[in-house]
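Subject: Handover of a structure and notes on it

Dear colleague,

Please find below the structure I am passing to you. My notes on it follow, arranged by topic.

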Amino acid sequence: MTKKISRRGLLSGVAAASAAAAAATVSKRSTAFAAPAVVQSTGSTVDITYWGSWSGDLGKAEQEVVKRFNESQSDVKVDYQFQGNYEETAQKLTAALAAKQTPDVSALSDVWWFKFYLNNILAPLNDFITAQELDSSDYVDSLWNEGVRNGTQFWIPFARSTPLFYYNKDAFKEIGLDAPPATWSEFAKIAPQLVQKDGDTVTRSAFTHATGASYVAWIFQGVDWAFGGSYSDPDFTIRINEPKSVAAGEFYRKAIQDGWANITQDPDNGPDSDFYNGLTASTMASTGGLVTIMANAKFDVGTAFLLEEETFGCSTGGAGLAVLASSPPEKQEAAFKYIAFATSPEITTYWSQNTGYMPVRKSAIASPEMQDFFAKNPNYKTAVDQLPKTRQQDSARVWIPNGDQIIGKGLEQILVNGQDPQAAFDEVAKTLTEEAKPVVEALAAL
Amino acid sequence: MQGRASLATHATVDAAPHALPAITRRRAFWRTEWFLFVLFVAPNLFFFSVFSFWPIIYSAWLSFHRWDLIAPVKQYVGIENYRYLLYDDVFHKVLLNTLTYTIGAVGGTLLLGLLLALLLNQPLRWRDGARAVIFAPSLLSGAAISVVWIYMFDPRFGVIARLLSFAHLSSPTWLTDPDWAMPAVLIVSIWKDLGFATVIFLAGLQAIPRDLYEAAKIDGAGAWWRFRSVTIPMLSPIVFFLGVTTILNTFQSFDIIQVMTKGGPVDATNTLIYYVYQEGFVAFNAGRSSAASLVLFAIMLGVTLLQVRYGERKVHYG
Amino acid sequence: MVEVSVLAAPRGAGRGISWPRVAGYAAMALAVIVVGMPLFWMLSGSLKTTQEVFSFPPAWLPASPRWSNYADAWQAAPFGRFYVNSLIIMIAGTAIKMANAICTAYALVFLRFPGKNLIFLVILAGLMVPEQVTILPNYVTLSDVFGQSWINTYQGIILPGAAIAFGTFLLRQTFRGLPREVIEAAKLDGCNHLRLLWDMVIPMSRASVVTVTLLVAVSKWNEYLWPLVITTTEQMRPLTVGLTYLVNRESNTQWGQVMAATVFVIVPLLIVFAFAQKLVIEGVTAGATKG
């Protein structure tokens, strides 16, 4: 022990020694642990590890994408590993960074990728885009631009969704409407007629709000824009407590107080189940829920663009793919090959048809295969038609650490506790401004 | 760390069969109880040192810094994180919630457990079967079973709403109502721990010598008085034991809240342990999370020291 | 209830129908129904279609049991592998923890050492460190053990939980309650400490050892957060983590399948409990009341 050894080295050495001691104490048949698998590279093939957040049916579709990629060429072999939901994936990536054992490519949701970008964790992709001649103009603009910082691409859209207005066609027909009105104020006028009651108990409300801090802040983004407000400017000037946003908040609150809207009982999964079970005549929920809603509703499901007020507003959400800067250059290049494949027109068509996520390529949307699919699924077309009108999300929700939770909690105060929107948003603005400071500093330092 | 480490290494080397000469040389030491003590206690202490104490020491250090868990730099901020907690309304609410949750869960579990034990102590048929059913929830994964409870609490499709409707009551919107979310979480928590408490109370009841009751009867004590003067005192070691286990369980109860409410709505079920997680792994405020975890650590340590002091006394009394 | 209990007639008294007994049975039935309801709801849910899970009013039983939920859930993720991992983690994890608990408790009670009480308090302090605090430091520690990464290995899953405070505490209580004279007599007969521990102390405290083993094994089986963090591939994941393979936050979650998978997780414990009920309850009982 004359050599200088690090504390970590010492600790781990002792760990092993004591593990042996413990095993020896346990019994004579001391348990031998399997040695960890060693990653082997086979010939010229580059093996890359890909962390994602898709399980169940989505996981199967994802596995299929990876399988097709691995079969399509022999230079790169992708190993897809499910890491839990978006939040858990980000947590694990954080731990992996601390341990310096990161995957090569990772799925990161809209609210998470920026944090890693700020810390220089994500590899700039422009050189790969040029080298591999990826046609960035073919990507849906609002989706593509969300991953660009100062002209550099860090995050490629993959599993993207938008909110959609869902309505029960049968219920709307009963009051003589084929489709929802164009604006929220007109909707508020007809909404009371959509409510059904059994005595004092509301058995069907006109509209159901999402809850759950992150989700509600995402849905409300579009409403806020429609009312002419915004959460913030791109430079982190907070605007959520300005009159137009407050008016949108007041609209949310009043909808509940007037008795025609309620909030979902399933904060984790959104208002989808309320809707397809006929407990509400309409709702706003992710396009990702379309498949389930269509499969479970016992009535005629209608979909529409989000309602307008002063203007139209609709945000995008979901996850994109990013390459880790810590990976060696050849792995980064291989990882990007996979990303290019996974977002190619052909694969995005397969992926979106099997998952309900939006096709990220314009040419995919225009393809005969997709058009054929739209003909069979007109509601799906609504979502895709709305896509070009979507906007990149405000920095306050996606770029301020925990911003979605902070805004969401303010909205919960309004929806659940009936708090005055001005007061709630003032509080939110204060917290957001506070939390934005380190981000602004970090950006200045980049 | 150094001293402990060398002890551990020592132990291993000497205990290993190939180190025979070392053993002969130290035969005298090997025989001493001190050595055996070290051998027996070192692994446990070692694992605690590496996997519990080191993290909490690290946390203590982090609590004076601002860090987002990713950045290479951890910025020293002095007691800023603690001051934040001191003045933060959310944190005050979290402390209050923790108190409510702990008192509710411990009180509910102990009280209902005692009542059920008194019931199952009666000469009723099938009581062993009943005891088994009541004990079963304590074996289950909190995360898994909470998913089931979410559906039971659903005010529309849920079985609880259905049962309430038989009584012509309308269901509260449990998990989305700030006033009802805590009771909902408490119900699940109590449901899960109840069986363990019942079984242990039952054992305690059965260990009470019958003649104590007979004697009290002869003294003319009524039923209530006999309960107060015989049952309760005889059960006090059990109450102590269950108190310790349930309090520590409750302080660290995370799964149920994570799955059912995520601390919401509007922080209504945000407890200290959840706050530590939320600030650390959702908001990535490592410093603030660490400061909160030290508060939690200090509270638990305080509670335990009190209990150990009291418990030690109990053990001697028998 | 108190009334009923203290009146506790000795066995067999009053064969006829008596009010307290009827009330007793009613209360017992109520307790069983209330406590058993979630289990029933889970079983019935596991046989429902998604539509039935979300039907209004809720159906007690599915119209026709959908057994395919179980097969579908089983195929949705490698549950066979998850079972194996859960078993390995539970058995190895429990063995290490129990060895630590027994040895430490024995040393604390029967061996002379300066400052024993302080050491006991240090071990108890281990109980106070919440798992959430340890995750990141432990991940980093395990990422480099002698230059090797223990992330996504069994030892990585198990070793951070190898130390034990609560079990040590319980066993220490029990050991202290053992008759001193017997132990001293054995010592005088030249019995060394290992023999004493193995042949006398453990058998005499069997009930407590069983209890602690049970509690440790159950908590190992149900562990979620750490195994989720430390494993990166499905080959290494236990059942509790496997359950998340079925829940899709973004779309189509088949709730019937989720319930069926929940049954996968909890059934082994219920079966073991059903068979070992007497032993388990006696163990729990003795562990708590001794000392």
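What percentage of the 318 residues in chain B is made up of buried residues? The figure is 51%. Please note at the outset that this is a predicted model.

Confidence

For the complex as a whole, the predictor gives an ipTM of 0.85 and a pTM of 0.85. Chain B has a mean pLDDT of 83, with 87% of the residues scoring at least 70. In chain C the mean pLDDT is 83, and 88% of the residues reach 70 or more. Residues 1-14 of chain C have a pLDDT below 50, and this stretch has 24 contacts in the model beyond near neighbours in sequence. In chain B, pLDDT stays under 50 over residues 1-20, for which the model has 33 contacts beyond four places in sequence. I would ask you to keep these two stretches in mind when reading what follows.

Chain B

Chain B contains 15 helices and two strands. Of the contacts in chain B between residues at least 6 apart in sequence, 67% join residues at least 24 apart.

Two residues of chain B deserve a remark on their backbone angles. Most residues other than glycine have a negative phi. W126(B), however, has a positive phi, near 65 degrees. W126(B) sits in the loop between α6 (89-120) and α7 (127-135) of chain B. Is W126(B) buried or exposed? W126(B) has 11 other C-beta atoms within 10 Å, and therefore counts as exposed, since the limit for that class is 12 or fewer. D267(B) also has a positive phi, near 65 degrees, and is placed in the loop between α13 (255-260) and α14 (272-282) of chain B. D267(B) counts as buried because 24 C-beta neighbours lie inside 10 Å, and 20 or more are required for that.

The contact between chains B and C

How many residues of chain C are in contact with chain B? There are 80, and they meet 81 residues of chain B. On the chain C side, the elements that give two or more residues include α2 (19-45), α5 (79-110) and α15 (255-289). The largest share of this side comes from α2(C), with 14 residues. By type, the residues on the side of chain C that touches chain B are 54 nonpolar, 22 polar and four charged.

Within chain C

Helices α9(C) and α12(C) have axes that come within 10 Å and cross at roughly 170 degrees. The two helices are therefore roughly antiparallel, as an angle over 145 degrees is counted in that way. In this contact, G167(C), L170(C), L171(C) and T174(C) of α9(C) meet S208(C), V212(C) and V216(C) of α12(C). These residues divide into four nonpolar, three polar and no charged.

S55(C) lies in the loop between α3 (50-53) and α4 (68-76) of chain C. With 17 other C-beta atoms within 10 Å, S55(C) is partly exposed. The C-alpha atoms of S55(C) and A185(C) are separated by 70 Å, and the two residues are 130 residues apart along the chain.

A sheet in chain A

Chain A has an open sheet of five strands in the order β2-β1-β3-β14-β6, with mixed pairing. Why is one side of β2 (76-82) and of β6 (156-161) left without a neighbour in the sheet? Both strands stand at the edges and each has a single partner strand, so one side of each has no neighbour there. On average, neighbouring strands are turned by 20 degrees against each other, direction ignored.

Strand β1 (residues 46-52) runs parallel to β2(A), and seven bridges join the two. Here W51(A) has Q81(A) of β2(A) as its bridge partner. Helix α2 (residues 56-72) of chain A packs on the sheet and touches β1 and β2, its direction making about 170 degrees with that of β2(A). Helix α3 (residues 86-98) of chain A lies across β1, β3 (105-109) and β14 (317-323), and runs at about 130 degrees to β3(A).

Strand β14(A) is mostly covered, with seven of its seven residues buried. β3(A) and β14(A) run antiparallel and are joined by five bridges, and S109(A) has A319(A) of β14(A) as its bridge partner. β6(A) also pairs with β14(A) in the antiparallel sense, over five bridges. In β14(A), G320(A) stands opposite P157(A).

With kind regards

Terms used. Residues are numbered from 1 along each chain as its sequence is written. Chains are lettered from A and ligands numbered from 1 in the order in which they are written. This is a predicted model: local features need pLDDT of at least 70, side-chain atom pairs count only at pLDDT 80 or more; totals for chains, interfaces and linings use all residues. Two residues are in contact if their C-beta atoms, placed from the backbone, lie within 7 Å. Helices (H or I, at least four residues) and strands (E, at least two) are DSSP runs, numbered from the N terminus. Ala, Val, Leu, Ile, Met, Phe, Trp, Tyr, Cys and Pro count as nonpolar, Asp, Glu, Lys and Arg as charged, and the others, Gly among them, as polar. Two strands pair if DSSP finds at least two bridges between them. Axes are lines fitted to C-alpha atoms, for helices over the stretch in contact, and angles run from 0 to 180 degrees between N-to-C directions. Angles under 35 degrees count as roughly parallel, over 145 as roughly antiparallel, 65 to 115 as roughly perpendicular and the rest as oblique. pLDDT is the predictor's confidence in each residue, from 0 to 100.
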